[in-house]
Amino acid sequence: MIRSAFVWTTCILVMAAFAVWQLATERTELDADFLSLIGQEQDQQQDEISDIDAVRTLLADSGRQAIIMLSHPDYDHLTDIARQLAETLNRIDGTASIMLPGDNADRFDNLRALYGPYANGLLSDADRDALKNGRGESLYQRTIQTLYSPASPFTSATLKQDPFQLMPDFLSGLGNKFGTGNDIVTINERSYLPIIVTLQANKYSGTAATSWVNGVNDALAEAHNSDPTLQTAKTGQVFFAVNEAENAKKDVQTIAVIATLGIAIMIGLTFFSPLPMIGAVLVVGSGLVAGAAALTILFDAIHAIALVFGATMIGISIDYALHYLVIPASSTPTSSRFGKIHKGLGLGLLTSVIGFSALALSPTILLVQIAVYSIAGLISAYCSVKFLLPLIPNRPVWKNSPVRIAHHWVMRLMMVLVLPRKIQLLVAIILTVALPISVISIPGHDDVRTLGQSDEELVSDARVISETLGLGGSPLFIRIDGPTVQQRLETSETVRNAIAPLVSAGKIGGVVALSDFVPSTALQEDNRRLVRDELYQAFSAPLSDVLQTPLQLPNLDAPYLLPDQAITSIPELTRFQTNTSDIMRLRDVSDISALNATLIAFENARLISPTVIISNQFADYRYWTYIALGVVLVIALLLAILRYGPGRGIRVFSAPAGAILFALIGGHIQGVPISFFTTMALFLVFAIGADYVLFLSEGNDIEHRDHTRLAVFLSLISSILAFGLLATSSVPLVSDIGTIIAIGLVGAWFLAFWMTETTKNTTDTGNTN
Amino acid sequence: MIRGFLILITVCVAFASFLAMPQPLLAETAKPSPIAENEYLRGTFELARHLNGFEKPLLSRGEFVLSPQHGLIWKTTFPFPGVTVFEEGGIFSVDQNGQRDAMAKGNETRQFVTMISSVLSGNWNPLESQFNISESTAKTKEWNINLTPYPNSFAGSQIELITAQGNAFVQEVVIIKPSSDQDIITFDGQTIEPVPLPTEFNDLFSDGRAK
């Protein structure tokens, strides 16, 4: 026994050292970015990029951007404050760059150098329209005016490339397509100034983001204290993410403290000794260590969601410890205490392992990680019960323990409810049949927006910034597909023309696409032809006289501007490309229906809403979790029938199945949305429910029945303390999970007892004495 | 993008209104007087735009009006008529039919207008932040001044050197650009007159039109 314990302890220590080494040396990365794991399915064979990948790219880009709006009645003072604040923000760790109004103006030369050689093929919408409608003379007159105007931006070099000065209008048109935003606006004698901050790539999530947001809040508070008339507002994913994470963390920490204290008090009141508590911690701790080690062996990156859910699943291993600890030393020699429970424990472990193995068959890495973590953890917990707990001196349940007394009265009450086996079987069959019907009938609700609880002030700030500056808001984009870049540019141009009326009507605040910066070759050629026919052929002679230099007709065969050239000069243009897809970025869309209706005509263009895409992704996860749950339920039913025979097998099976049913219906009545996360909670309900019923079924002999019942009762209390308290959280996601688990566990405990208990007048086979 | 030529115009206007600036360094020379709120400055100009690689300069002539209340009107009469209006709301070209087209708007334009106002009130600060200002000689009643943009200023990428000279009024401004192009602006016939502005100028301003 000692040798086994030594070997197992060594194994735990090795696993712990390995996991710590892997994580500390970043051989295995701990990924807290919500977007980084979802959608990374195992079978990525498709050539075309998935919407979720495009959304990830888009949101990762948007997630790095934060907008701070300052307002003050004194315009000049406002710009001074903005400059000072920008310097402070720049010093905060995590800030990559800061843009104030007008900061892009010095890129004019770069743009001029890029576009200059192709000026004849680059026309603003207005100029193109003028040339198409035979109004070339107005452009010529404008050229003349520009040549002699003191506010002319041309140089001798640009004049040679672009004698009719078409490029400045093209660039102005480009600015207009961006819409307002990066500029100071004055409303009701108060000026509003945007500061656009870009965070470093690895600093917009996790603790780095929290630290950055705190730094920004301090800087804003200091600026406001220096000048109380200064008002500030801020928006950006990072602010919402940090706020919600902090709220959730605060809630969960409070609940965890209460739950831990509760469990400690419960064990203390039961055993009147700290030793059982140490045993329970050992078992759960070894599970966590083994789970982490398994993940670090198998994966290069572990997602935080997988860790949290996996750790929660391993939390059920406290049941294993309690099941062992309640067996009194006096009844059996120490060496055989484990032998008394090993069947129930073994079957419980087997059921859970089968369940999580089914989860591991999904193509979703997130679910696979949760499954691996849980399987490894539970096996480890089982081994710890077997090898380590026998070394802990036995502390019997205190005779006058209030927990024991409470349990006694609860059992007496429960006994009243026990019905004959035939009725139990009938109920079991009803529960078993009702479960799939409920799963189908109760609709899923996967909208990610309902998972969090956004801070009212942040929501208000986002609205004010959107209304005042036209910045921020929920990101939407149009995805353009096509085999070649030129085809995508042409599609993009056609889509832009189609949605132009919506832009004019204010239903879309602004649209920007790669084709705005680099028109398709077809459009450039058409533009060049228009310029040649409508401008040069008619007006090159008089302009040549004015300039006193000959002008050459545009050559249609000369090279055209290509996206790769533009991207070299304007790296930000990569934001409009995602592998073989282009994206048109939309701003301030107020009529999504109208936009969708316009896009119906386009086979290769569709509106993408990140919220919808991510919600759909979670719907897929929920679907896979349901399938895994279904598979494991079928396997559990077969195993139960094999082990206990048809009648008892169905009754035993109906305990976890009925618990899931109760959780589903109860949650639905309580208004809990059935999402991926609550479905994962159902998995937990199944695993714990299976443990309860198996412990009671396997430990139902006269000698150990009371101990087993007490162990299950203790497990219920600990689980309710651990999970049920989550239902009180203010964060919808946490509260939903807690509600589902609380309902499910009470149902599991009741059904486990009710389905395994016999009436006084019946035998185990159901026959009358 | 419009910042570059805004600088040029700012400088032009600054010199055009140079009489409004109290210049300590010009103590020995004629001193310009500030333009009061109820006054305006008008005069004529000749702009010779020398472009590198072009044989002859682009020559234009016309008149200008500078009003502290409204802004600046740059009215070209030769070789083609054309009007450019600078005011707080932006820079506009006005064609012969009175059609106004915005050439620049936004924060930079506002800064530019603010700069004019600062100059009108005798404050050199707006140019001092962008240029190193130095007097060359002042042996006669005329003054000479050189403005060299600071290397890291936004003016630095657009302008190499500006020189100006004048007496009670600015007489000539030369703007040399990095492309070796240069604008030579000669002012003449400048007078300060009391408001109201002549109708043909007043109507060109957006607030004048509103009235």
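Contact here means heavy atoms within 4.5 Å. The model shown is predicted.

View 1. Ala681(A) sits in helix α27 of chain A, which runs over residues 676–698. Neighbours within four places in sequence aside, Ala681(A) is in contact with Ile737(A), Ile740(A) and Ile741(A). Ala681(A) has a relative accessible area of 1%, so it is buried. Thr312(A) is 369 residues away from Ala681(A) in sequence, yet the two C-alpha atoms are 9.4 Å apart in space.

**View 2. The largest nonpolar core.** This core holds 120 residues. Tyr320(A), Leu359(A) and Val385(A) have the most contacts inside it. Helix α27(A) gives the most to the core, with 17 residues. Among the residues that Leu359(A) touches, beyond four places in sequence, are Leu367(A), Ile370(A), Met680(A) and Phe683(A). Thr625(A) and Ala628(A) also touch Leu359(A). In soluble globular proteins, nonpolar side chains tend to be buried together.

**View 3. A second, separate core.** This core has 32 residues. Ile81(A), Val197(A), Trp212(A) and Val216(A) are included in it.

**View 4. Helix α18 of chain A and its kink.** Helix α18 covers residues 421–441, 21 residues in total. At 1.5 Å a residue the helix should span 30 Å, and its end C-alpha atoms are 29 Å apart, which agrees. A kink of about 25 degrees lies at Leu435(A), shortly before the proline Pro436(A). Leu435(A) is also one of the buried residues of α18(A). What covers the buried residues of α18(A) includes α25, α26 and α29 of chain A.

**View 5. Gln486(A) in helix α20.** Gln486(A) lies in the helix of residues 485–504 of chain A. Its relative accessibility is 18%, so Gln486(A) counts as buried. The side chain of Gln486(A) reaches the backbone nitrogen of Thr521(A) at 2.8 Å. Beyond its neighbours within four places in sequence, Gln486(A) is in contact with Ser520(A), Thr521(A), Leu562(A) and Pro563(A).

**View 6. Confidence along chain B.** The average pLDDT of chain B is 72, and 65% of the residues score at least 70. Over residues 1–27 of chain B the pLDDT is below 50, although this stretch has 97 contacts in the model beyond near neighbours in sequence. Residues 117–123 of chain B also stay under 50, with 16 contacts beyond four places in sequence. Where pLDDT is low, the predicted coordinates should not be read in detail.

Key:
Residues numbered from 1 in each chain as written. Chains lettered and ligands numbered in written order. Predicted model: local features only at pLDDT ≥ 70, side-chain atom pairs only at ≥ 80, totals over all residues. Heavy atoms only, no water. Helix = DSSP H or I, 4+ residues; strand = E, 2+ residues; numbered from the N terminus. Expected span 1.5 Å × (residues − 1). Bend = angle between axes of the 7 residues up to and from the residue. Buried < 20%, exposed > 50% of the residue type's maximum accessible area, 1.4 Å probe, protein only. Polar contact = N/O pair within 3.5 Å; in protein donor to acceptor, adjacent residues only side chain to side chain. pLDDT = per-residue confidence, 0-100. Core = buried A, V, L, I, M, F, W, Y, C linked by side-chain atoms within 4.5 Å.
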